[in-house]
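Please read it alongside the structure shown here.

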Amino acid sequence: MFLGVLILLFFLIKHKILRTCVSFILFFFIGVAVVYINDDRNYDSFYKHHIEENATVILQIHKILKPGNYYQKYEANLINVNNRKTKGTVLLNVKKDSFISSLHVDDQLLLKPVLKELIPPLNPHQFNYKSYLAKQGVYHQVFITKNQFLKLNSKTTTLFGLSAKFRNIIQEALEKYHFKPDELAVINALLLGQRQDISKELIVDYQRAGAIHILAVSGLHVGVILWILFFIFKPVERIKYGKFIKTIVIIFLLWLFAFVAGLSASVVRAVTMFTFLAIGLSFQRKNVVEFSFISSMLFLLLIKPMFLFDVGFQLSYLAVFGILWVQPKLYGTYKPKFFIDKKIWQLFTVSIAAQIGILPLSIYYFQQFPGLFLASNLVIIPFLGAVLIGGILVIITAVLNILPPFLAAIYGFVISWMNRFVSWISHQETFLFKEISISFIAMLFWYIFLFLGVYFFMKKSSKRLVYFLISIVSLQTIFLLESNTNKVKEELIVFHKSRFSIIGERIGEQLFLQHNLDSTRFKNENSIKTYSVSEGIDEVKETNFKNFIQFSNKDILLIDSLGVYMVSGMRKPIVVLQYSPKINLTRLIKIIKPSQIIADGSNYKSDVNRWEKTCLNNKIPFHYTGQKGAFIIQ
């Protein structure tokens, strides 16, 4: 009713400013409504409302994820609880076993699961996998072994299942031609949207070279395919209704490609965007590209509003925005005379414009900037069209079993050459700017600075210059405020590390650590690296607190395996238990009267459970870093 009133006001109000305000409120509440409608938890059929202890459920595999060290991972829809139809998605972890064949999309499993909450990050500034999955509608996970489920003979087939079966046929056909593991993995990523088999080392190489977008089927690939299809079907425009027929055929082929590539979120986003673009280009109206770009974004967010928080969605649209807005002006600064330098200049300006669009956001998320992104893009992207066309021909002929082995060998060599080139680029350490950190607020001000800078250089005027200078001063102010905060900030952190103990005292831009890691582990410890980069730490030093720290007028007593805790002069200390000390905790509580007890990751789980019960009985706050995360005193 409220939306209806807003829509009515939008059409009745003629005043421009009031109409703009009403339209803003209208779109905001459309967003609220769409988010509510798309949240499975708001429906009576959500599985959590019906599941109980020992409940029998049916799971249907929806997506196959990259496996972990010990578990095969899947996204599964919980479609039935005790013979009642339900909805909702869980993360399914199946313990690896040589006797279990891999599950496939649309497979249905009968089991009695124990739903477990997803674990939040246990150390500051680490990737929040729980929040990431929650934005995709996944709130619980299930762990099972081969004896805990029964695979049903279900004939239910979804569009995703058909796509997966078709893709499996292609993969089986390609395996006959003996491509190397890395070659086959990259072919699967480039053309089938499957990145599960790519080695960690190869992914890191592409990331460091600024070419990771080549491995993810997204806007780049779909844009290249659209350009090729426009070129191929250009002659169709000569016949009656040719433009209409050409547009329909191109849209059909784009969605066919999305189907083959597994209908993943990134592919669907890209194909939706270029579907709108293909329709817009057929009308040949002014600003059609910009209109298609914005319309596709609105359409996607109406269907999947949580895409707004997806990093791929943000980067894709910011890159396209940079190309649409910055590239034409950048391209106009130089007039190439020949065909080759015209194409090189065009590609150069597109790469720069896209990088301007995503630069602050990519530094905010990934804390690095590949300085040689131009080299990798200028070399690979011109040949990407040929690689994609060649790959499509290889797939078709392989499925029909008519692919000549020498052509397969040539295509494999091209993919290997691309991998080697990217690996070489990634190892040029001088041009890889790592460990750069900016806050969310600083990222927003960087975008304001870039926007007003481009806005000024597009059309110079005194008013635009003033705005640009204000953005520079604002950015400097944010930098100085954050820098000053880092210099005066002090905190004590009990990090979580399974089987190890790490305790840090941060004083300004220095971090003093007591730990029992060996030199190799200490150098590569992710929790320390992430904290140091995100907090602007200049120097990390090892220290020995000798079982006692005084911090912020608080006494902190560290009790290790020796179990010594008789220290005089303490007043209600915070006790940190390390290395499973053999102590009587009830006696300790009576003698030193601690204000809080903390157990870190170096303790045995059985000891932690016993201590937690003791603290509960004695009404002492208990904090286990393996459950509640790092303990921080500021």
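In this predicted model, 62% of the contacts in the protein with a separation of 6 or more are between residues 24 or more positions apart. The protein contains 22 helices and 20 strands. Its C-alpha trace spans about 95 × 70 × 60 Å along the principal axes, and of its 634 residues, 43% are buried.

The crossing of H16 and H17 is left-handed. Among the H16 residues in contact with H17 are Phe 445, Trp 446, Phe 449, Tyr 455 and Phe 456. On the H17 side, the residues include Arg 464, Tyr 467, Phe 468, Ile 472 and Glu 482.

Helix H13, residues 339–366, is bent by about 50° at Ile 358. A proline, Pro 360, follows within four residues of that bend. Just after H13, Gln 367 has a positive phi of about 60°.

The structure has zero disulfides.

| Cysteine | Relative accessible area | Class |
|---|---|---|
| Cys 21 | 40% | partly exposed |
| Cys 615 | 0% | buried |

Cys 615 is classed as buried because its relative accessible area is 0%, and buried means under 20%. Cys 21, at 40%, counts as partly exposed.

Terms used
Residues are numbered from 1 along each chain as its sequence is written. This is a predicted model: local features need pLDDT of at least 70, side-chain atom pairs count only at pLDDT 80 or more; totals for chains, interfaces and linings use all residues. Side-chain values use heavy atoms; hydrogens and water are left out. The bend at a residue is the angle between axes fitted to the seven residues ending there and the seven starting there. Helices (H or I, at least four residues) and strands (E, at least two) are DSSP runs, numbered from the N terminus. A disulfide is a pair of cysteine sulfur atoms within 2.5 Å. Buried means under 20% relative accessible area, exposed over 50%, partly exposed in between (1.4 Å probe, protein chains only). A crossing is left-handed if the near helix is turned anticlockwise from the far one by less than a right angle, and right-handed if clockwise. Contact means heavy atoms within 4.5 Å.
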